[in-house]
Amino acid sequence: MHLNTLSTLSLLTAAISFGLASTAQAAKPEAPYLSNSEFQQCLDGLKNSSKFRGVDSYTFNNYRPSQPDPSVIQSLNYQPEFQKDVWDYLSALVDKERVEDGIRAKRQWGDTLRQIESRYGVKPEHVLGVWGVESNFGQTLGKKPLFESLATLSCFDRRQSYFQGEFANALKIVQRGDIAPSDMAGSWAGAFGQTQFMPSTFLELAVDFDGDGRRDLVNSVPDALASTANFLDNRGYRTGEPWGYEVRLPDGYWAASDRKNKKSISHWRDQGLTLANGSPLPYDLSSAGLLLPAGKDGPAFLVGKNFDTFYSYNASENYALAIAHLSDLIAREDSSKTDFITAWPTNDPGISRQQAKDIQQALLDAGYDIGEVDGIIGDNTRSAIRQYQTSRGIFPADGRAGQNFYRLITQNSAQGSSSIRPSNPASTDRMGQLIQQRQTATPNVYSSEPSVQRTVQPASNVRYRRVTTSDGSVRLERIN
Ligand code: CA
């Protein structure tokens with residue numbers, strides 16, 4: 001998916017879950033009631049509109065949904081309680097498990113990747129980085145029926161015009177026979193296949209690399225990997241260049257994070273920057289911009305044009321950094337250490353998906369209903385963490401699943417205190433209220449976390465939408 005905040009969100013919610021809970025309950029809005037007669041009337045109108053000119057009436061009628069899917073409107077209007085910190089975002093996307101999966105994929109698809117490199121000039125690890133972040137190397141494609149999702153989004157709520165175009169493009173894809181209709185499933189916003197392309201991106205850039213005459217980004221790994229390389233090449237990829245590297249800033253150096261303000265390597269050498277390990281900057285980038293994802297005290301990077309092509313896949317700097325970092329670790333074939341050399345400015349770093357599963361299992365063992373152990377920290381898990389913290393007098397009871405909570409609950413589990421169950425939820429709730437009052441009176445009283453801006457859940461009668469900004473953070477925008 002590229003250059004589209006809606007598809008960005010669909011990817012991110014598939015890969016990880018946003019948000020950290022606090023005293024307020026994070027809540028998905030209720031699925032709205034959608035009138036089917038209004039829906040069918042809308043589809044009648046679309047069928048004859050200019051956007052659907054290239055779609056024959058057999059295709060339109062055959063794949064025309066009989067009902068709208070209210071859950072996609074629910075997803076469209078999901079309000080996150082908090083922004084996700086960059087270190088949480090990266091630790092879930094670039095963990096030991098994903099690096100190991102990537103190293104295996106590199107060996108399995110080595111010949112294909114070399115052929116792709118000779119045709120498109122894109123390094124194997126860069127293709128693998130995108131594949132791993134987009135669909136977990138083909139394991140997470142999304143299950144929403146595309147025609148229902150896109151038709152519903154074409155007829156209700158915001159951005160109907162955009163989704164009408166994507167609905168028409170999705171119909172054109174099956175009309176041309178590239179993808180079997182039964183394979184047209186993906187994210188709620190319509191991104192699909194191993195590359196998670198939106199239908200418009202598919203029509204523009206998908207390629208048939210295995211030579212069977214179909215561009216099948218769902219079932220053909222060679223087609224998917226070559227289409228990714230074609231995408232990066234099309235967006236300006238420079239053959240032979242790295243994406244960039246982690247750097248060390250000289251003492252007292254200050255500069256804004258400005259990836260687009262590209263300078264020569266000589267310029268950055270003159271400024272006193274080195275690689276993060278202290279070595280001189282190599283001259284293998286034609287130009288580079290400075291990226292400081294967490295400000296001057298966190299890891300710093302010089303990034304070149306190839307980083308920008310990752311960015312164009314999803315319009316988020318943190319997303320592009322996840323691809324960049326994953327690709328380096330896959331190239332190095334080293335899953336032992338997934339951190340950057342410079343630590344993130346936090347005393348509570350993020351957790352891997354395995355650690356998220358361990359937390360969920362420990363919560364289940366302690367009697368909290370968190371649903372399925374899936375490694376995704378969603379509303380249920382955050383709510384259970386908050387209750388667990390509250391019942392043990394942990395303050396603030398913020399529901400955050402970081403390294404601190406991971407250590408706490410796994411140690412408690414090991415000591416057998418996991419048998420303590422929240423036998424009286426009412427008293428737990430009262431304790432929660434008391435702690436909340438304390439927290440309101442003396443905010444951050446013993447939290448030494450850095451002041452990362454977090455967006456509080458708005459009043460329920462005001463509608464907001466989530467917007468991913470260019471730096472990858474998520475904010476709420478009021479809808480009038
Ligand atoms: Ca093919």
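The model is predicted: local features need pLDDT of at least 70, side-chain atom pairs count only at pLDDT 80 or more, and totals for chains, interfaces and linings use all residues. Residues are numbered from 1 along each chain as its sequence is written, and side-chain values use heavy atoms, with hydrogens and water left out.

**Overall build**

- The protein chain has 19 helices and nine strands. Helices (H or I, at least four residues) and strands (E, at least two) are DSSP runs, numbered from the N terminus.
- Of its 480 residues, 55% count as buried. Buried means under 20% relative accessible area, exposed over 50%, and partly exposed in between (1.4 Å probe, protein chains only).
- Among contacts (heavy atoms within 4.5 Å) in the protein chain with a separation of 6 or more, 73% join residues 24 or more positions apart.

**Nonpolar core**

- A nonpolar core is a set of buried Ala, Val, Leu, Ile, Met, Phe, Trp, Tyr and Cys residues joined through side-chain atoms within 4.5 Å.
- The largest one holds 83 residues, and L90, F167 and M184 touch the most other members. Helix α15 (residues 317–332) gives the most to this core, with nine residues.
- Leaving aside residues up to four places away in sequence, L90 touches N318, L321, A322, F340 and W344.

**Salt bridges**

- There are 21 salt bridges, each a side-chain nitrogen of Lys or Arg within 4 Å of a carboxyl oxygen of Asp or Glu.
- R400 pairs with D88 in a salt bridge, with the closest N and O atoms 2.4 Å apart. R400 sits in the loop between α17 (379–391) and α18 (403–414) and D88 in helix α5 (residues 86–93), so the pair ties together parts 312 residues apart in sequence.
- R400 is buried at 2% relative accessible area. D88 is buried too, at 5%.
- E317 and R259 form a salt bridge (2.8 Å, N to O). E317 lies in helix α15 and R259 in strand β4 (residues 258–263), so this pair ties together parts 58 residues apart in sequence.
- Both E317 and R259 are buried. A network of salt bridges links R259, K262, D308 and E317.
- D111 and R114 also form a salt bridge (2.8 Å, N to O). Both lie in helix α7 (residues 110–120), three residues apart, about one turn of the helix. Both D111 and R114 are exposed.
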